[in-house]
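Here is a short note to read beside the model. Please keep the sequence and the structure open, and find each residue as it comes up.

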Amino acid sequence: MRKLTAAVALATAVTALAAGTTGTAAAAVAAVPVPAAAPAQHLALHGWTLLNEYGPGPNPGERLTAQVDARTVDGRTRGHAVVQHVFEKDGTIRAEFDVDCLTVDGAGAVTVTGPISRMVLTPLGGEPRPFQPGQHPEAGLTFYPADGQGERRVGWQRTDPAMHTEVTKCGAVPADFWVIGGGTVLHR
């Protein structure tokens, strides 16, 4: 439970959730500026991915997933995204956000952003309880195309003033996770 409690206290990004780290690596990645792309007129993004913050291989004892269903029609975006981190021995933290922006940059990276509608902490064997009820910070996911080695990456972050992080509406999130399963499909 100590690991999960420490993760909830940080709650800046899923990177801090798994390891209970101080966020040094996440802060270094977040410091890289990423230009924002303009919202598209007709797009749909659907997908589910299994992620790992430590590398492209399996992640024993943890299950980190990101699920997205979003669409933009005539410049108006709607959708929902869920990032869930399950700790085999501690419990689950789940963040849900309402997608209000869906963009694709020139390199093919797809970003969804929006306000968090709900965060829930469920200790192992315990009852689900809301985390930071009433707060709706901006959150974002960016799905990057495969690199030269065929590895796909994902960026996930939510605004957290305590850790000096900020997610900008329609702004890409630096890659900090490897995709180890699943995928996303973009329809234009």
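1. Aromatic pair. This predicted model holds 1 aromatic pair. The partners are Phe 97 and Trp 156, and they are stacked, 6.1 Å centre to centre with 20° between the planes. Rings of Phe, Tyr and Trp (its six-membered ring) pair if their centres lie within 6.5 Å; planes under 30 degrees apart count as stacked, over 60 as edge-to-face, and the rest as tilted. Phe 97 lies in strand S4 (residues 91-98) and Trp 156 in strand S9 (residues 153-158), so the pair ties together parts that are 59 residues apart in sequence. Both Phe 97 and Trp 156 are buried. Buried means under 20% relative accessible area, exposed over 50%, and partly exposed in between (1.4 Å probe, protein chains only).

2. Ground rules. Residues are numbered from 1 along each chain as its sequence is written.

3. Confidence. pLDDT is the predictor's confidence in each residue, from 0 to 100. The protein averages 83, and 79% of the residues score at least 70. Over residues 1-35 the pLDDT is below 50, and this stretch has 69 contacts in the model beyond near neighbours in sequence. Contact means heavy atoms within 4.5 Å.

4. Overall plan. The protein has 3 helices and 10 strands. Helices (H or I, at least four residues) and strands (E, at least two) are DSSP runs, numbered from the N terminus. Along the sequence the pattern is α-α-α-β-β-β-β-β-β-β-β-β-β. Of the 188 residues, 48% are buried. Among contacts with a separation of 6 or more, 58% join residues 24 or more positions apart.

5. The core. Nonpolar side chains tend to be buried together in soluble globular proteins. Here the largest nonpolar core has 27 residues. Such a core is a set of buried Ala, Val, Leu, Ile, Met, Phe, Trp, Tyr and Cys residues joined through side-chain atoms within 4.5 Å. Those with the most contacts inside it include Leu 45, Phe 97, Leu 141 and Trp 156.

6. Leu 141. Is Leu 141 buried or exposed? Leu 141 is buried, at a relative accessible area of 0%. Its place is in strand S8. Beyond four places in sequence, its contacts include Phe 97, Val 112 and Trp 156. Leu 141 and Cys 170 are 29 residues apart in sequence, and their C-alpha atoms are 10.0 Å apart.

7. Thr 49 lies in strand S1 (residues 42-52). Thr 49 is buried, with a relative accessible area of 2%. Leaving out residues up to four places away, Thr 49 touches Phe 143 and Thr 184, among others.

8. Ala 95. Ala 95 lies in strand S4. Ala 95 is buried, at 5% relative accessibility. Val 83 is 12 residues away from Ala 95 in sequence, yet 5.3 Å away in space, C-alpha to C-alpha. Trp 156 is one of the other residues in contact with Ala 95.

9. Charges. Side chains of opposite charge can pair when their charged atoms come close. How many salt bridges does the structure hold? It holds 1. Glu 96 bridges to Arg 94, the closest N and O atoms being 2.9 Å apart. The cut-off for a salt bridge is a side-chain nitrogen of Lys or Arg within 4 Å of a carboxyl oxygen of Asp or Glu. Glu 96 is buried at 12% relative accessible area, whereas Arg 94 is partly exposed at 30%.

10. Most residues other than glycine have a negative phi. Gln 132 has a positive phi of about 50°. Gln 132 sits in the loop between strand S7 (129-130) and strand S8 (138-143), and is partly exposed at 25%. His 164 also has a positive phi, near 55°. His 164 is in the loop between S9 and strand S10 (177-187), and is exposed at 73%.

Notes
Predicted model: local features only at pLDDT ≥ 70, side-chain atom pairs only at ≥ 80, totals over all residues. Heavy atoms only, no water.
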